[in-house]
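Grab the structure and work through these exercises with it open. Each one sets a task and then walks through the solution.

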Amino acid sequence: MTADDLETVQEFLDERPDGETVLEAVLAVDADSGTWTFDDVDLDSGTFGELVSCGIVTKVDDAYQVANPAVVESVLTGEELEEPTDDRKFAVDLDRFLNSVDVRALTALLGSLLVVAIARMTAFRSVFQHGYVVSPGNDPYYFRYWMRELMATASGPLDYQVLVDAPPGVSGVQPLSHATNWFLAELLGGGQGAAGTVAAWLPIAASIALGLAIYKMTVLLTRDVRVGVASVLVFAVTPINAVYTGLGFIDHQLHQYFWLGITLVTVTWLAVDLQRRLEGGLEPHTCVREHLQTPMTWIVALVFGLSIAAGIHAWGGSPLLLIPLAGYIGLRVSMDARAEVSPTLANLPLLIGLAIGSALSLALHHCWGWHAEFVATTPALVLGGAVTVVALSELWRRFDFHIGGLLAFEGIVAAGGLYAFKRLQPTNWAEAMARVDDLFFREGMTETISLFSTEYAVFFGPMYQLGMGFYVALIVLGWVIWRVYRQYEPGWLLVGTYTGYLLVLAGIQVRFAGQLAIPLAVLTGLGFVQLLSVVELARTPVPFQSSDVSTGDARDGEPVAADGGQALEPSIVLPDGRAIGYLLGVGLLVFGLSLIYVPGLTGDVTHGKAKIEAVSAIDDHAEVVNQTYPDNYVLSEWGDSRMYNHFVNGESRGYRYAQNNYQAFRTSSNPDSWYDRFNGRVGYVVVSEVDEEVSSESAQAQLLEQYGAGGSETDALAHYQAVFISDRVAAFAVVPGATLEVSGEPGTQVTVKKDVSASGKSFTYEREVAVRDNGRAIVTVPYIGNYSVDNRTATVTEEELMNGRAVVLEE
């Protein structure tokens with residue numbers, strides 16, 4: 001027994017005229033039956049729901065019981081209870097804890113989070129190959145490079161000075177992402193093993209945490225755990241998000257998605273907590289005062305502020321995600337004014353959180369040099385605009401002006417603020433415009449096309465990237481717009497604002513569909529459960545239920561059931577018999593395409609077995625010939641460049657050289673001419689199979705198909721030594737080559753041959769050269785060992801090959 005138990009029962013008794021009768025009724029049925037159902041007690045649903053919500057009655061499996069009969073009886077009789085022993089106190093506390101946990105909801109949540117993890121591990125075998133942790137794609141190796149560099153500089157996880165004196169590659173664009181990766185790797189002991197563990201598993205851990213945030217946000221909005229679980233499942237199998245946060249995909253996305261989720265769930269909590277209090281029927285001023293007096297309000301505001309500062313320093317385009325927040329605040333204060341709620345007091349926690357985030361963002365910039373100044377200043381700009389519109393809305397509310405005028409005036413304020421920023425900070429404005437240009441007008445990458453690209457017939461692009469649930473979410477978004485237009489729904493306003501804004505961004509570039517997937521999961525989850533209810537496979541989700549179910553007494557942190565907090569029915573119930581088949585059918589209708597697209601999209605960015613075998617062969621060769629960077633730089637298709645160089649030489653910071661040169665090299669008809677152009681810059685080249693038709697004279701064909709040994713229309717190459725060959729990938733060391741000088745009759749042909757074996761494949765390297773007038777034939781060869789020169793033998797050593805020495809062969 002605790003003082004809180006006594007206080008709860010006493011408050012119930014004091015607040016209700018029939019409180020004594022109600023408590024005696026539940027005590028009587030509890031004494032007779034131990035556990036019982038709602039039908040066993042003569043109470044209306046509202047009263048019973050209040051008993052459950054305040055914890056006097058608890059749910060046990062599918063039945064109910066009084067949580068602590070002795071406490072209830074003590075309050076009714078006025079007698080004091082004996083203080084229980086420590087063992088008894090522990091048993092009571094444990095029993096209360098178990099009774100307070102919704103086992104069905106918890107099991108479903110854990111199951112859905114497991115799906116989040118599994119959906120991101122479809123490429124498990126591709127990530128863990130040949131003892132390597134092979135991150136998919138190209139960009140993750142940029143983050144792995146800086147994680148390695150920071151680890152090499154730092155003395156441990158507490159050596160934050162490496163973040164203060166960090167090079168521009170760390171501090172300039174994604175400082176928090178790099179700092180988080182490094183810190184976690186140091187916590188795991190440092191070294192390449194720890195770095196590989198972070199690279200592999202941090203995306204999974206961040207996705208699970210984001211799934212929890214989505215669940216919490218959804219339950220706050222809907223008061224329906226079924227919708228919460230459905231939303232997590234939708235998020236789990238959203239293709240584009242599953243790819244960008246898949247196993248090994250350590251990039252800025254996992255950080256920005258996580259902090260965006262924290263921002264959304266904290267703002268949702270602040271909005272919903274006030275809304276629930278207003279639904280209780282008290283005066284708005286009283287509700288706002290209670291909201292501000294709750295300690296949790298300020299804890300959530302603090303976390304919100306931290307999420308703003310973290311999000312702004314997580315990636316280069318972070319100011320873009322503050323635009324919908326600014327829009328939400330502008331619409332929110334209008335909603336407050338319409339509902340006769342003080343916009344100043346209602347949004348005070350939000351403003352305090354923004355102030356905290358602004359201060360931290362600027363402090364990290366000025367003290368540690370993180371990010372560009374215009375980026376670090378963005379939260380402060382949003383804060384300034386928020387204070388302005390809050391003051392305007394307060395004025396509008398006091399003078400009872402039309403809300404439409406307030407919205408128009410807010411637009412003028414936003415435009416004026418941007419104009420002032422441009423005039424007063426021209427340098428920062430120019431830098432911001434350059435960043436916008438970089439984000440929106442880059443070409444040549446699949447992520448830069450529109451979500452509604454004609455390449456996918458407009459309609460199929462969203463299905464491919466976001467799943468079939470996208471169109472379910474659009475219908476629910478229409479309901480959200482209607483709802484916020486008619487009622488005081490600040491929580492749904494937040495979801496609608498972010499969804500609409502991110503939908504526009506994704507329409508410009510599909511890369512923003514990953515962020516869109518977060519609020520979209522809430523809408524899709526609600527639509528999915530409603531779809532099940534339409535076909536009579538589930539109860540109607542709470543937001544769509546009729547208003548006769550009172551939910552005004554529900555409070556965050558108390559049991560939330562699928563019927564809106566009344567706990568009159570189990571939170572989650574699976575249908576029986578044939579209905580299970582129907583449930584699976586509807587589930588496949590919504591999720592089926594995603595289950596196909598997730599492995600497909602993931603497979604598009606993973607590196608196959610042949611590429612990693614090429615990595616291993618190149619690494620072994622470089623070790624044998626004692627080559628280090630830059631002598632062992634690997635030239636490949638630019639999308640693979642960082643991966644090859646990460647494992648061979650550790651220099652995976654950029655891919656510009658490959659992007660500027662590889663295509664021209666691949667299509668060249670004279671690969672040997674590139675040896676001089678490389679000028680010692682390239683140690684290895686890798687050619688991979690392409691879908692397009694290639695000329696038989698191109699370097700692509702000469703290396704991948706002919707292994708550099710010549711064909712019917714081309715000669716063998718002088719500077720490319722095969723170290724790995726397969727049907728799809730071939731890797732060659734770029735070598736000076738040894739020059740054979742062979743004597744012979746002028747005008748005759750000399751044939752040079754050598755049997756070569758590389759990665760289990762054997763072929764014959766063969767060159768024919770004419771003897772010059774001076775009686776000498778000169779030919780450069782790329783392999784060590786014995787060469788057959790007509791009826792003679794020439795031997796090339798490694799020292800001669802790697803230094804371009806001449807090997808003279810006389811008659």
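**Exercise 1.** How many bridges join β9 to strand β15, and do they run parallel or antiparallel? Then place β9 among its other surroundings.

*Solution.* Keep in mind that this is a predicted model.
- Start with β15 (residues 806-809): four bridges link it to β9, and the two run parallel. On that side, valine 742 sits opposite leucine 809.
- Next, take β12 (residues 776-781), which is joined to β9 by six bridges and runs antiparallel to it. Here alanine 738 faces valine 781.
- Finally, check the cover: β9 spans residues 738-743, and five of its six residues are buried.

**Exercise 2.** Work out how helix α8 is oriented relative to helix α30, and what their contact is made of.

*Solution.*
- Look at the axes of α8 (residues 140-153) and α30 (residues 638-648): they come within 9 Å and cross at roughly 30 degrees.
- Angles under 35 degrees count as roughly parallel, so α8 is roughly parallel to α30.
- Now list who meets whom: Tyr141, Tyr142, Arg144 and Arg148 from α8 meet Arg642, Met643, His646 and Phe647 from α30.
- Sort the residues of this contact, and you get four nonpolar, one polar and three charged.

**Exercise 3.** Which residues touch the most other members of the largest nonpolar core?

*Solution.*
- Among the 106 residues of this core, the answer is Ile329, Leu466 and Trp492.
- Helix α27 (residues 513-534) contributes the most to the core, with twelve residues.
- Zoom in on tryptophan 492: its contacts include Leu221, Trp479, Val522 and Pro543.
- Apart from this core lies another, of 46 residues, including Ala699, Leu717, Ala738 and Tyr787.

Terms used: Residues numbered from 1 in each chain as written. Predicted model: local features only at pLDDT ≥ 70, side-chain atom pairs only at ≥ 80, totals over all residues. Heavy atoms only, no water. Axes fitted to C-alpha atoms, helices over the stretch in contact; angles between N-to-C directions. Parallel < 35°, antiparallel > 145°, perpendicular 65-115°, else oblique. Contact = heavy atoms within 4.5 Å. Nonpolar A, V, L, I, M, F, W, Y, C, P; charged D, E, K, R; others polar. Buried < 20%, exposed > 50% of the residue type's maximum accessible area, 1.4 Å probe, protein only. Pairing = 2+ DSSP bridges. Core = buried A, V, L, I, M, F, W, Y, C linked by side-chain atoms within 4.5 Å. Lists of a residue's contacts leave out its neighbours within four places in sequence.
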